[in-house]
Amino acid sequence: GYFPVANEPRDGQQVGVWQKQFSKVIPSRRRRSRFGKATFTGGLGSASVTVTSGVTLTGEFEFDSHVPFLGATPLDSEEGVVIKIEEVIQDIEGIEEIISTAGRAFGRVSVEVNADYEVTEVMDEIKNRVDAISTFPENTEKPTISRTQFQQQVVMVTVYGDVTERTLKEYAKQVRNEIVTLPGVTRAEILGSRPYEISIEVSEFTLQEYGMTLAEVAQAIRRGSLDLSAGAIRSDSGDILVRTKGQAYVGRDFEDIVVRTNPDGTRVLLKDIAHIRDAFVETDRFAEYNGKPAITIQVLSVGNQSELDISASVHEYVDAKRASLPDKVSMAAWADVSYYLKGRLDMMIKNLVMGAFLVFLTLALFLRLIQTIFRPNRVRYECPDCGLTRHDVDAIHCKHCGRQLHIRTEGITG
């Protein structure tokens with residue numbers, strides 16, 4: 001079993017006590033609820049399930065409400081959290097559809113909102129109703145609702161090399177922090193790295209030798225790894241805040257936690273009865289680049305940010321960073337979607353120029369044809385005796401000899 005014993009002290013770190021045992025296999029199944037669609041995936045029983053309810057808006061926004069549910073199966077998350085959230089929000093005005101997904105170690109309720117309704121008002125109403133639910137299981141925490149903007153991948157930056165996994169991850173985190181400070185870049189995520197994990201393994205025989213239970217060990221770790229406020233001491237010079245700082249963040253911090261104090265004054269420390277391993281979560285996934293261990297930073301654009309500007313900033317940073325990389329560490333930028341964006345923009349400009357030329361040519365030929373068809377022939381009046389010519393249409397007799405003028409037509413020129 002897996003028993004969380006502390007808050008996550010580092011990025012993605014999990015702290016817990018392990019005891020080897022078998023778990024029941026939950027068969028996979030799918031279900032569509034009254035208010036939407038729920039998907040259930042089966043597997044080994046899990047110690048923690050994160051149930052998320054969200055509002056997916058018609059546009060570029062999404063609201064998420066996270067409800068951690070310790071020791072839950074897909075069926076537990078459905079009955080204990082998902083259905084209760086569905087029931088309280090299903091009659092909110094402006095909601096078009098509710099889609100729920102629940103599984104081992106996760107759950108989600110997505111709500112599509114009509115574009116004719118004010119987003120913030122629907123969000124506030126959902127938050128108020130979810131916060132008012134008092135019948136969540138005992139092991140759940142208070143839901144938190146957040147709003148997420150639409151984001152688009154721009155470019156990938158990979159850090160790779162023949163170094164230890166911890167060294168590679170820490171350097172990738174440093175690169176990620178530097179990238180988000182670039183002009184125009186506000187979001188970057190680390191991919192391909194395993195989360196930190198501190199595992200505390202206690203043998204069943206060791207527990208029997210010391211006369212302890214696994215629950216007793218877990219409770220001792222919870223008490224010994226926390227920051228606790230003890231109030232304040234008032235004095236003439238002011239108030240003095242009293243606070244104990246005992247939160248454990250790395251494996252060696254857990255080694256000296258007192259599990260039991262015997263009547264004779266001797267103490268049993270956690271390192272005396274358990275094997276503490278400060279490493280990474282065990283997974284069957286790995287990431288490589290050019291045949292070497294790698295961690296990738298995914299750079300994203302949010303809202304109306306320019307992908308072209310972000311791409312240019314990241315490539316400039318990567319080119320400059322290569323000169324100061326540690327030994328055996330390399331960096332590469334790839335999967336740049338701005339390449340396709342530039343291609344489409346170039347194609348649009350070419351089509352625009354070609355279209356304008358064709359329109360101009362078509363109009364010129366068409367107007368020339370109209371002029372040829374509808375322009376009247378020019379009339380010239382000529383006197384047979386005097387040889388005088390006039391182009392006045394009203395003059396039909398010669399002003400000198402009085403004879404009638406001959407009418408001649410002239411063809412169109414230029």
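1. The model is predicted: local features need pLDDT of at least 70, side-chain atom pairs count only at pLDDT 80 or more, and totals for chains, interfaces and linings use all residues. Residues are numbered from 1 along each chain as its sequence is written, and side-chain values use heavy atoms, with hydrogens and water left out.

2. R176 lies in helix 3 (residues 165-179); helices are DSSP runs of H or I of at least four residues, strands are E runs of at least two, and both are numbered from the N terminus. R176 is partly exposed because its relative accessibility is 27% (buried is under 20%, exposed over 50%, partly exposed in between; 1.4 Å probe, protein chains only).

3. Leaving aside residues up to four places away in sequence, R176 touches A188, I190 and I297 (heavy atoms within 4.5 Å). Its side chain reaches the backbone oxygen of A188 at 2.9 Å.

4. The largest nonpolar core contains 22 residues, and I179, I297, V299 and V314 have the most contacts inside it. Such a core is a set of buried Ala, Val, Leu, Ile, Met, Phe, Trp, Tyr and Cys residues joined through side-chain atoms within 4.5 Å. Helix 3 supplies the largest share, five residues.

5. In helix 8, the buried residues include I310, V314, Y317 and K321. The buried residues of helix 8 line one face, because they fall within an arc of 165° seen down its axis (taken from the directions from the helix axis to the C-beta atoms). The face turned away from that side carries the exposed residues D309, E316, D319 and A320.

Technical notes
Polar contact = N/O pair within 3.5 Å; in protein donor to acceptor, adjacent residues only side chain to side chain.
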